[in-house]
Amino acid sequence: MFYLRASEEQSDLLANGDEDLYLQQAVVFIEDAIQYRSINHRVDANSLRLYRWYYSRIWQLGLGLTIAVVLMLAFIERPSSFSYTSDPRFRPPPWEPPCGLTEGIEIVCLVIFAIDFATKSYLIGWEEFRKCKWLIVYILAVSASVIDWALTLSMYCDQNLRVRRLIRPFFLLQNSSLMKKTLKCIKRTLPEIASVILLLALHLCLFTMIGMLLFAKGENPKQNGEWEAYFRDLPTSFSSLLVLLTTANNPDVMIPAYSLNRGYSIFFILFSGFGTYFLMNLLTAIVYNQFRGYLLMSVQASILRRRLGVRAAFEVMSCQGWGQDATHSEENVERVRVDASLQVMARVQMKSYYRQAIIKRVQQLSDGFIQWEAFRRLFDELDKDRIKEHPPKPEYNSSLLQGLQLLFCHYYVTVVGNAVALANVMCICTILVLDSEKSIAERDDYYMEVINCFFILYYLMEMSLKILAFGWRGYLSYRNNIFDGLLTVCLLVLQITIFATYRLPFPKWNPASRGLMSLWEMVRLVNMLIVVRFLRIIPDIKLMALIASTLVDLVKNLRAFAGILVVVFYVFAVLGIWLFQGAITAPGQMSVMSNSSMKNITVECGSYEQLGYWPNNFDDFASSLVLLYNVMVVNNWQVFMDAYTRYTTQWSKVYFVSWWLTSSVMWVNLFVALILENFIYKWDRSVMCSVADVERTGYETTVQLMFREQIQEPTEEELVTQLHQHPHLHLS
């Protein structure tokens, strides 16, 4: 059996009969368990107060806001993104912040990071600090940023290479434990996928050599099209086949040879068939499989943290209750008092739904004490889905109101409403098709307005009768009713505004523009809201409801995976600015040249210049992000690579290939796989549910729960060993 060997401060408190410290410790340990946090921190009263303040919503929200601000500085700093276009032909000189503005904001953020580091280091203690590489790198990152910040000021903000820009994404990483786990899993996955990447490189090299031999320069210039365009030298041949691996230049790359002899198509089909459809998909499978394995190990550690937090809370509470009952002492059985458990749960910061569920289970215990197994099972409530109970419907004495309530509570009323919304959208679509070739002056908005008025009145009637049937609280308890009602009110306000501004509609109704918006703009806005309102059908179709809830869950619970992608985008954008800023310049006087002069400029078909890709550049941070996104999509990404190769050096290809491998091959495929994992998890749990059950169920879809079935529960020996190793809580 465990008992607590307290420190000197704890012994004094215990001698004075003060049990509040143990309650505070239990509260903090349970909060650690809920959030999967480590319990290896100081446990004296002052440290516990500081610890709870550090993890309070106010401080964590402030820290998150600080990280967002320091990352957003890249849009304002030189080169500034504050211009309406990134096209160098038409871009005016962007607004540049005065020296000291962004630097002043940044030093405030760095001070907050220093306070965050000092607080976190104090709370875990020196022994834990020495083991935590993230905290060591944290202080190094803050120190390096301050030094670089001082250099910027000493150079009167005329420093082009700001190293601290590359450091900023670290602040986002270190603030999320799940991001750290994800990054660690990715790092462990890299060696496993090296063999497939090596095989992919061998495949490329082999076909590059064969291609150079197959399409060597001949005596007849008319038959050298393939050599001249794609296989002139080794770098060109390699990059042409690499792009073909992504299908971005298919079938362009094979057309010159294919037009001479259809047999040449076999070479390209073999290359893309084996490389694109076998090796690339095999690489994706290995990346996901290996990453999933390491993620399972990481989630296993998170489950251990939760069980350890619950066990630590049980131990300190059993110490508090030890000796309070003679039977308890005689039986030598670990138990905690029910009243102590209720006190602890009342002080724990958690969702009220789960607190009430746990308290309800505690109150059902009749003997006044809770043993360890029963105590552990209390927190299984945290893994259960929340079933939302709708408020009771209002009761009416009038038989007419009762009939209306019965009618408009029926599911078929919603079906009819969806059909009416579909009819409204189809009417708008029909009118748009009929008027597609007409200018705004030639359009007659009379029929559109009459149709919209009819449908908006129906929407208003439907909303009013549903409120009558369900009551205000009942109506607002459905998320689709909130969405539907909000858009209906917006449509009503807009329609009243149109009538107040442009009077009632009549045939050939086309009044002059008044106020901020013209009649056509207001009608167009109404039509947009009507089309958006049609999304109300999503909760009424089970599969669509699951897909929509999966997307919401991804935003809520898989932010860490998107966060890593943000970090990678940020780092590559900064590197791109360093390497390629100003590398591509538009032709002189392009913005003032006449159309006839522009037509006389000769450019290669399909090139960066001919396609007009001028806005895609590395001249500022915002345009760099857009360019990286376009490369990640891999459609025509060879155009960007070719342009920067021509304007800079052949080595620029290394940058673009690295970005393609990181973003498109590895991270996007991994993210898609996790989306599938999330959806399959929810589908398996809701396959036996009705549409109404799906609407009422608030699915708990965290990474830990997604892999819950593959995770083993930690043994009692593991928990005991971990508790004995706690640096500040001494148990024996």
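I began with the side chain of S318, one polar atom of which lies 2.7 Å from the backbone oxygen of E315. I count as a polar contact a pair of N or O atoms within 3.5 Å; within protein, one must be able to donate a hydrogen and the other to accept it, and residues adjacent in sequence count only if both atoms are side-chain atoms.

The model is predicted, so local features need pLDDT of at least 70 and side-chain atom pairs count only at pLDDT 80 or more, while totals for chains, interfaces and linings use all residues. Residues are numbered from 1 along each chain as its sequence is written, and side-chain values use heavy atoms, with hydrogens and water left out.

**S318, continued**

I placed S318 in helix α12 (residues 265-321). Helices (H or I, at least four residues) and strands (E, at least two) are DSSP runs numbered from the N terminus. S318 has a relative accessible area of 7% and is therefore buried; buried means under 20%, exposed over 50% and partly exposed in between, with a 1.4 Å probe and protein chains only. Beyond its neighbours within four places in sequence, S318 is in contact with E334, R335 and V336, where contact means heavy atoms within 4.5 Å.

**Whole protein**

I noted 30 helices and four strands. Of the 732 residues, 46% count as buried. Among contacts between residues at least 6 apart in sequence, 75% join residues at least 24 apart.

**Nonpolar cores**

I take a nonpolar core to be a set of buried Ala, Val, Leu, Ile, Met, Phe, Trp, Tyr and Cys residues joined through side-chain atoms within 4.5 Å. The largest one has 100 residues, and F113, F171, F268, W637, F656 and W660 have the most contacts inside it. Helix α23 (residues 559-580) supplies the largest share of this core, 13 residues. A second, separate core has 38 residues, including I34, W372, L719 and L729.

I then turned to the second largest pocket, which holds about 830 Å³ of space. On a 1 Å grid over the protein atoms alone, a pocket is an open set of points where a 1.4 Å probe fits, with protein on both sides within 12 Å along at least five of seven lines; lining residues have an atom within 4 Å of a point. Its lining has 27 residues, with A229, Y230, E604, Q638 and D642 nearest the centre. By class, nine are nonpolar, eleven polar and seven charged. Which helix gives the most to this lining? It is α26, with six residues.

Eight of the eleven residues of α26 are buried, so this helix is largely enclosed by the rest of the structure. The buried ones are W637, Q638, V639, F640, M641, A643, Y644 and T645.

I found V196 in helix α8 (residues 177-214); V196 is buried because its relative accessibility is 6%. V196 touches L279, L283 and I286, not counting residues up to four places away in sequence. L282 is 86 residues from V196 in sequence, yet their C-alpha atoms are 7.9 Å apart.

F621 lies in helix α25 (residues 621-633) and, at a relative accessible area of 3%, is buried. With residues up to four places away left out, F621 touches A74, F75, P79, S81, Y570, A573, V574 and I577. F621 and I577 are 44 residues apart in sequence and 7.2 Å apart, C-alpha to C-alpha.

Notes: Points joined across faces, edges and corners; volume = space filled by probe spheres on them. Nonpolar A, V, L, I, M, F, W, Y, C, P; charged D, E, K, R; others polar.
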